[in-house]
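Open the model in your viewer and keep the selection panel at hand. This tour tells you what to select at each stop and what is there.

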Amino acid sequence: MSFQTLEAVTARTRVVRVNLLPTGFDDHRKDRNLRIGLGAVLLVVAGAVGGCYHITLSQVADAQTRLDAAQARTVELQRAQEAYSEVPRVLAQVKAAQQVRDQVSATEVPYYAYLDRLAAAAPTDLTMSTVTFAAAGSKLAGATDPSATATDSVGTLTVSGETLSMDTVAAWVDNVSTIHGFSGASVSDAHRDDRGVVTFTATVTLTSDALSAHQ
């Protein structure tokens, strides 16, 4: 077969393609595909927005739950606080009472303690029959003044008793003079009766050191 014959056969079998679709069909198809793509994108965006909205609602619900719990706890604490609302007033009253007590006790002499000290200072053969404390009146008001000295008198102590010897009385006076808060112990009267018993009366000055504030 010659080359011309082969070319003629090839020319007869060539497929001719003809576009039979209406004009603008391709553009319409592209528009439809674009709309489908946009719809898919919108669906994805809507799904994402819906998911975010759901998450946001969940977070808001959790926050509201915590807020409700905090408010309930606040109300509970406020109710508990009401039960102690009187505490500051009571504490203030207690403090005021303590201040009054301190002011009063500061100008008091702890007589019970001095009775024990007097008894401890007495020789075994000396008996105290009477013990009398006499406050110095207005001097007690200034007894706690920082300028007051240890010799400032806030009262006197008078003791009456019996023993068998004048020496015993003298020894007792010496012992009493060493007691903190006592000063100027002296015998104001002493005599021996027919039985040989010495009856005596002694006085002691109470200084500001004898006050409770200085103990």
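**Before you start.** This is a predicted model: local features need pLDDT of at least 70, side-chain atom pairs count only at pLDDT 80 or more, and totals for chains, interfaces and linings use all residues. Residues are numbered from 1 along each chain as its sequence is written, and side-chain values use heavy atoms, with hydrogens and water left out.

**Stop 1: the whole chain.** Show the cartoon. The chain has five helices and four strands. Helices (H or I, at least four residues) and strands (E, at least two) are DSSP runs, numbered from the N terminus. Their order from the N terminus is α-α-α-α-β-β-α-β-β. Of the 215 residues, 17% are buried. Buried means under 20% relative accessible area, exposed means over 50%, and partly exposed lies in between (1.4 Å probe, protein chains only). A contact means heavy atoms within 4.5 Å. Among contacts with a separation of 6 or more, 72% join residues 24 or more positions apart.

**Stop 2: helix α4.** Select residues 111–121. A113, Y114, L118 and A121 are its buried residues. They fall within an arc of 140° seen down the axis, so they line one face of α4. The arc is taken from the directions from the helix axis to the C-beta atoms. Now turn to the face away from the buried side: Y112, D116 and A120 are exposed there. Cover for the buried residues of α4 includes β1, β2, α5 and β3.

**Stop 3: R117 and the ring of Y114.** Show both side chains. R117 lies over the face of Y114, 4.6 Å from the ring centre. The rule for a charge over a ring is NZ of Lys or CZ of Arg within 6 Å of the ring centre and within 35 degrees of the ring normal.

**Stop 4: helix α5.** Select residues 166–177. T168, V169, W172, V173 and V176 are buried in α5. They cover an arc of only 140° around the axis, which puts them on the same side of α5. D167 and D174 are exposed on the other side. Cover for the buried residues of α5 includes α4, β1 (127–135), β2, β3 and β4.

**Stop 5: aromatic pairs.** Rings of Phe, Tyr and Trp (its six-membered ring) pair if their centres lie within 6.5 Å; planes under 30 degrees apart count as stacked, over 60 as edge-to-face and the rest as tilted. That gives three aromatic pairs. One of them is Y114 with F182, stacked at 4.9 Å centre to centre with 25° between the planes. Y114 is in α4 and F182 in β3 (residues 182–192), so this pair ties together parts 68 residues apart in sequence. Both Y114 and F182 are buried.

Next, select W172 and F200. Their ring centres are 5.5 Å apart and their planes are at 55°, so the pair is tilted. W172 is in α5 and F200 in β4 (residues 198–207), so the pair ties together parts 28 residues apart in sequence. W172 is buried at 1% relative accessibility, and F200 is buried at 0%.

**Stop 6: the core.** Which residues have the most contacts inside the largest nonpolar core? Select L118, L157, W172, V176 and F182; the core has 23 residues. A nonpolar core is a set of buried Ala, Val, Leu, Ile, Met, Phe, Trp, Tyr and Cys residues joined through side-chain atoms within 4.5 Å. α4, β2 (153–163), α5, β3 and β4 each give two or more residues to this core. β4 gives the most, with five.

Finish on V176. Leaving out residues up to four places away in sequence, V176 touches L118, A121, F182, A185 and V204.
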